[in-house]
Amino acid sequence: MSQAVVSPARIGRLSIGALGILALALGTLQSVVEPALPLLQGELGVSSGDGALIANALLITGAVITPVAGKLGDRYGGKRVLVRLMAVVSAGGLLAGLAPNLPVLLLGQVLQGAMVGALPLSFILVRKHLSTGESQAAIGVVLALFTGGSMVGMLFAGPVAEGMSWHWMFALPTLVIIVMTSAVGWLMPHDPPIESDNRIDWPGVLLLSGTLLAFMLGLKTVTKDGGVSPIAAGGIVVGVVALAAGWVAVERRAVSPMVDLRMLARPALRNAFGLTFLITTSFGMVGFLLPQMFGAPADGYGFGADTTDIGLLLLPGAIAGCVSDSIGGIAARRFGTRAVVIVGAVVTVATMTALTVLHSAEWQLALAKVLTAFAAGIASTALLTSTATAVETKDTGIATSLLTVTRVIGTALGAQIASAVLDAGAGPMTGLKTESSFATAFAVAGLVAALSLLVVRITTKKGAQA
């Protein structure tokens, strides 16, 4: 059986390269909206609130679809599900490229959100066809190119939209996705589905999707301008908790559960989810705060940078994130996941502590972005690769997809926390963000990163006692 699945002669650099370029194109398509939001709002004649909806539609859909894609990939084969998922993404990209109005563009973004599920499906493929050590390195490369695609999207969205049309910034990456999906289908060996008499746990799928959707939409609602009443916020919390409790109850009784809760009970996986959440929450705060400070009026503490300038100032950080994702798996293999996470957390804490007082020059903020992006990337990728190789091959997709969702939720929550801190410290008369509120938010981001060190210490102590 193992010889039928693992075939080194049929998987090599071309196959990994095809997966990597596909990830690069997906990352590009995912990121083109952010720098082009003002242009899209003007072209479509919509408000900033509608613009935020354009940006968030893909993220919300991705959080919902990813665990479903991972489970289907485990069951029916990563290649088979990946090709079909890319058909959905391609349809969304082409729809956005032809969109005449906001509703059609939003539908295109919703379909494009399926792209986040491509990551765990890629991990399934490399896990089945490579050794453990090679899998860690390959996962890091795929993840790095997805991150690198975000950098490409930020840089090319403006010139393409202004020189051609904003429609082309969706259409061009989509054409690459179509070509590379065909290449993956041709080069990548078929991974046979796992034979099972049990049906897919559709109640579990629907409840988990509903829980994630309610959480993401609730987070956006509670933290929007003006917020909501305490009663409404409480209702949202109760709804999310009820859905989550229902999902747990269904999974515990299911003959073939979508997620085997015994897998989540393993200390190594539980720690990986907790650490990933803390790391990405801290980084999500940094990712929100730095562009805000760059763009703040230059007559105060800010620098008055425009969209192009902000993109260029953040570019070194994007490169650092790409590099760190590519070596995170290698570092975990050589030095151990625990050591990598500790280094990443220490660098983040030190950087945020320094940034609370040293933020008077653009290079200080740009350097902070580089350091935190590298630290977060290497730590979270180390956790992801170690998780992918710690579970049974049949569980690779669902384990890595849940960890990917954790990254998405952590990043989104971090941005919302940072926004809330800035709003709370805004001037009572002017409503403008103050320098002290930025310093407070940087300190909070450092504190969140420090919590990951505490988690590592506690889990290490428990492991020693055991």
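This is a predicted model: local features need pLDDT of at least 70, side-chain atom pairs count only at pLDDT 80 or more; totals for chains, interfaces and linings use all residues.
How many cavities of 30 Å³ or more does the count come to? The count comes to two.

Start with the largest cavity. Its volume is about 80 Å³. There are 13 lining residues, and those closest to the centre of this cavity are Ile279, Gly344, Ala345, Thr348 and Ala449. Which elements give two or more residues to this lining? They are α13, α15 (337-355), α16 (362-390) and α18 (435-465). By class, the lining of the largest cavity has eight nonpolar residues, five polar ones and no charged ones.

Now the second largest cavity, which holds about 40 Å³ of space. I can give you its lining by name: Met151, Met154, Leu155, Gly311, Leu314, Leu315 and Ala318. The most comes from α14, with four residues. The lining of the second largest cavity divides into six nonpolar residues, one polar and no charged.

Next, the second largest pocket. About 490 Å³ of space lies in this pocket. It is lined by 17 residues, and the closest to its centre are Leu208, Leu212, Trp247, Leu402 and Thr406. At least two lining residues each come from α10 (202-222), α11 (230-253), α13 (267-295) and α17 (396-424). What is the make-up of the pocket lining by class? The lining of the second largest pocket has 13 nonpolar residues, three polar and one charged.

On to helix packing. Two packed helices are described by the angle between their axes and the distance between those axes.

The crossing of α2 past α9 is left-handed. On the α2 side, the contact is made by Leu14, Ser15, Ala18, Leu19, Ile21, Leu22, Ala25, Leu26, Thr28 and Leu29. On the α9 side, the contact residues are Phe170, Pro173, Thr174, Val176, Ile177, Met180, Thr181, Ala183, Val184 and Leu187. Sorted by class, the contact of α2 with α9 has 16 nonpolar residues, four polar and no charged.

The other pair is α5, residues 78-98, and α6, residues 102-112. How do their axes cross, and within what distance do they come? The axes of α5 and α6 come within 7 Å and cross at roughly 155°. The two helices are therefore roughly antiparallel to each other. The crossing of α5 and α6 is left-handed. From α5 the contact takes Val88, Val89, Ala91, Gly92, Gly93, Leu95 and Ala96. From α6 it takes Val104, Leu105, Leu107, Gly108, Leu111 and Gln112. The contact of α5 with α6 divides into nine nonpolar residues, four polar and no charged.

That is the end of my list.

How values were computed:
Residues are numbered from 1 along each chain as its sequence is written. Side-chain values use heavy atoms; hydrogens and water are left out. A crossing is left-handed if the near helix is turned anticlockwise from the far one by less than a right angle, and right-handed if clockwise. Contact means heavy atoms within 4.5 Å. Ala, Val, Leu, Ile, Met, Phe, Trp, Tyr, Cys and Pro count as nonpolar, Asp, Glu, Lys and Arg as charged, and the others, Gly among them, as polar. On a 1 Å grid over the protein atoms alone, a cavity is a set of points where a 1.4 Å probe fits but cannot get out, and a pocket is an open set with protein on both sides within 12 Å along at least five of seven lines; lining residues have an atom within 4 Å of a point. Grid points are joined across faces, edges and corners, and a volume is the space filled by probe spheres set on the points. Axes are lines fitted to C-alpha atoms, for helices over the stretch in contact, and angles run from 0 to 180 degrees between N-to-C directions. Angles under 35 degrees count as roughly parallel, over 145 as roughly antiparallel, 65 to 115 as roughly perpendicular and the rest as oblique.
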